[in-house]
Amino acid sequence: MVKRGRWAQHPELLLARSRNGVIRVADLESLEMPSKTIYQRCLPGGPWQRILPGIVLLHDQKPTSSESVTAALLYAGAKAMITGIEACRLQGLRPASLPADPGLHLLIPHDRKIRSVGFVTTERTVRLPAPAIRNEVPLAPLVRATTDAVRQLADPLASEELLIEAIQQGRCHPKALLWELNHGTQRGTAIPRRLLTDWVDIRSMAESRAKVLSRRLTTPPSHWNAELFDVSGKYLGRPDAWWDDVGLIWEIDSFDFHFHRAGYQRTVDRNTRYATSGLIVVQTLPSQLLNDPAGVVADLEAAWRIAASRPRPQVRLAVAA
């Protein structure tokens, strides 16, 4: 029996019509491939697989991340774009606490009805943004992708880390993220909105990153933002982090925040008070928290060991309300 259909006479057309090895059933049929043949090739043990309704992957191995993205976009149709966790990853945000395989979240125009299925979650929206194109893949802009992601994350710590990454590495301003959260669905936004309200003061955001990083330490700080006084009652300062058992201070500040000479002078005066009271101080740039977290952890561990090897300085603690 003679094979019929352009696909049989010119099998290279299959790859030419596909995107990244992914093709619509409708495109296969346009190449005169019978629906029965498509069905048989996608059966278990066959050379292909039906990855989503109406979408075929032209091999039988586990889909790659790129193939899954292509399949999702073909399934969702024109004007669809990737948002949420995968869009954040594809735009360079990769905090370790994100789930490894969250599926794909797609935005689609409000007037289209494409149901969620398998690893694809579709969301109709009247506020469809202009996409950011990365390697020919349409992605929700990073501010929108980040806020869509935190709405879906059940773990508050994962939300916090992702927001910090978006602000420090993705250069998303806290106000822009907060505006986006306030103008979309309010489901799952209470904690992110509270964090972002605090982080409009960029100083607070750096401290939040420090708190996340401190979870890696063998001995985390005992207090945050506690006021210190010497034995005579003289005020010493209010360090970002304090180890009360060994008398160790961690401050996240310097030129990253002190834009004026007066601010820098206040830091010098404060550190002098610490030194004259015998306190060990680790001072970290906010940029180090992002660019060299392992180095910051190593510095703090070393400083703790030194502080623990000597008598604790005679200072007292007043925990801020």
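Start with the aromatic rings: in this predicted model, a search of the whole structure finds two aromatic pairs. For one of them, select W224 and W250, whose rings form a tilted pair with 6.2 Å from centre to centre and 55° between the planes. This pair links distant parts of the chain, since W224 belongs to strand β9 (residues 223-224) and W250 to strand β13 (residues 248-252), 26 residues apart. If you display the surface, W224 is partly exposed, with a relative accessible area of 23%, whereas W250 is buried, with a relative accessible area of 0%.

Next, select F229 and Y235, which form an edge-to-face aromatic pair, 5.7 Å centre to centre and with 70° between the planes. Here F229 is buried, with a relative accessible area of 15%, while Y235, at 36% relative accessibility, counts as partly exposed.

Then move to R41 and W48, where a charge meets a ring: the charged end of R41 sits over the ring of W48, at 4.8 Å from its centre.

A search of the whole structure finds one cavity of 30 Å³ or more, and the largest cavity has a volume of about 30 Å³. To locate this cavity, select L217, T219, W243, L300, E301 and W304, the residues that line it. Which helix gives the largest share of the lining? Colouring helix α14 (residues 293-308) will show you, for three of the lining residues come from that helix, the largest share. By type, the lining of the largest cavity divides into four nonpolar residues, one polar and one charged.

Key
Residues are numbered from 1 along each chain as its sequence is written. This is a predicted model: local features need pLDDT of at least 70, side-chain atom pairs count only at pLDDT 80 or more; totals for chains, interfaces and linings use all residues. Side-chain values use heavy atoms; hydrogens and water are left out. On a 1 Å grid over the protein atoms alone, a cavity is a set of points where a 1.4 Å probe fits but cannot get out, and a pocket is an open set with protein on both sides within 12 Å along at least five of seven lines; lining residues have an atom within 4 Å of a point. Grid points are joined across faces, edges and corners, and a volume is the space filled by probe spheres set on the points. Helices (H or I, at least four residues) and strands (E, at least two) are DSSP runs, numbered from the N terminus. Ala, Val, Leu, Ile, Met, Phe, Trp, Tyr, Cys and Pro count as nonpolar, Asp, Glu, Lys and Arg as charged, and the others, Gly among them, as polar. Rings of Phe, Tyr and Trp (its six-membered ring) pair if their centres lie within 6.5 Å; planes under 30 degrees apart count as stacked, over 60 as edge-to-face and the rest as tilted. Buried means under 20% relative accessible area, exposed over 50%, partly exposed in between (1.4 Å probe, protein chains only). A charge sits over a ring if NZ of Lys or CZ of Arg is within 6 Å of the ring centre and within 35 degrees of the ring normal.
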